[in-house]
Amino acid sequence: MRVVVEGLAHRFPGTDLLFEHLDFVAEPGSTIAVCGPSGCGKSTLLSILAGWEKPYAGTVTREGVNRVGWVFQNPYGVAERTALDHVVFPLLAKGMRRKEAELKALEAMGLFDLEYAADRRFSDLSGGEAQRLMLARAVCSKPDMLLVDEPTAQLDTRTAHSVSHVLNNLSGQGMIVLVATHDPDTRDACDRVLDLADYAPGGSKSQESELEE
Ligand SMILES: Nc1ncnc2c1ncn2[C@@H]1O[C@H](COP(=O)(O)OP(=O)(O)OP(=O)(O)O)[C@@H](O)[C@H]1O
């Protein structure tokens, strides 16, 4: 299972190129931090990898990737439902029995130190708790590729550190994991770094590719 990105470039209609000459291979075993300044195209790159956005140029080949999990920047849930329900429902929808689903859900919530909030209503969770809940839900559904957008934006330093390390460990469990982040600590916790600033028009990698041609 892998994702092969070749010669990728993107611009939206009427805007300048965000990045160009982007080549990389994403495989299970190493978590990739996608970095770069605000507006450089980190979220856009995740959308392209997921197949939601068609790239302006280049190709993305997904080999053996059937299920894609996505954790958005802004957590979204059902106000009246408990935190546990949010993680359990996708498992029930897959046909798992309630008891087994609850055990699996609590295990995933435990990865993000969230068991204590299992019975709280979604509307009572803090922004950081809701964000960690979305991570637990995504991990629980065992996607082939997990795309995470700014997972630590709403977390204090210590919780952010712990979440970053969990995300890095996930790639060792057979998932392709990419994390878009501004957070230097999250970047450092990941095995690999893809800095989109290098691929901006005129960026160092972008120029290298032009010299090679
Ligand atoms: N559908 C769209 N049409 C036109 N422009 C868009 C569209 N989606 C995003 N953009 C623009 O493309 C640029 C890249 O957006 P993107 O959200 O990928 O950046 P980012 O690196 O994730 O930013 P941030 O770090 O602030 O979240 C931004 O300037 C954004 O306004």
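Predicted model: local features only at pLDDT ≥ 70, side-chain atom pairs only at ≥ 80, totals over all residues.
Q: Which residues of helix 2 are buried?

A: An α-helix has 3.6 residues a turn, so residues three or four places apart point the same way. Helix 2 covers residues 83–93, and its buried residues are A83, L84, D85, H86, V87, V88 and L91.

Q: Against which helices do the buried residues of helix 2 pack?

A: Their packing partners are helix 3 (98–111) and helix 4 (127–140). After helix 2 comes G95, with a positive phi near 105 degrees.

Q: Which residues surround the ligand?

A: The surrounding residues are F12, L18, P37, S38, G39, C40, G41, K42, S43, T44 and H182.

Q: Where do polar atoms of the protein lie relative to oxygen atoms of the ligand?

A: For S38, a polar side-chain atom is 2.6 Å from a ligand oxygen. G39 places a backbone N or O atom 2.9 Å from a ligand oxygen, and for H182 a side-chain N or O atom is 3.0 Å from one. The ligand taken alone exposes 640 Å², of which the protein buries 58%.

Q: Why is A200 classed as partly exposed?

A: Partly exposed denotes a relative accessible area between the buried limit of under 20% and the exposed limit of over 50%. A200 has a value of 24%, and is therefore partly exposed.

Q: Where does A200 lie, and which residues does A200 touch?

A: A200 belongs to the loop between strand 8 (192–195) and helix 7 (204–212). Leaving aside residues up to four places away in sequence, A200 touches L18, F19, E20 and S206.

How values were computed: Residues numbered from 1 in each chain as written. Heavy atoms only, no water. Buried < 20%, exposed > 50% of the residue type's maximum accessible area, 1.4 Å probe, protein only. Helix = DSSP H or I, 4+ residues; strand = E, 2+ residues; numbered from the N terminus. Contact = heavy atoms within 4.5 Å. Near = heavy atom within 4 Å. Polar contact = N/O pair within 3.5 Å; in protein donor to acceptor, adjacent residues only side chain to side chain. Areas by Shrake-Rupley, 256 points an atom, 1.4 Å probe, with all protein chains shown as cover.
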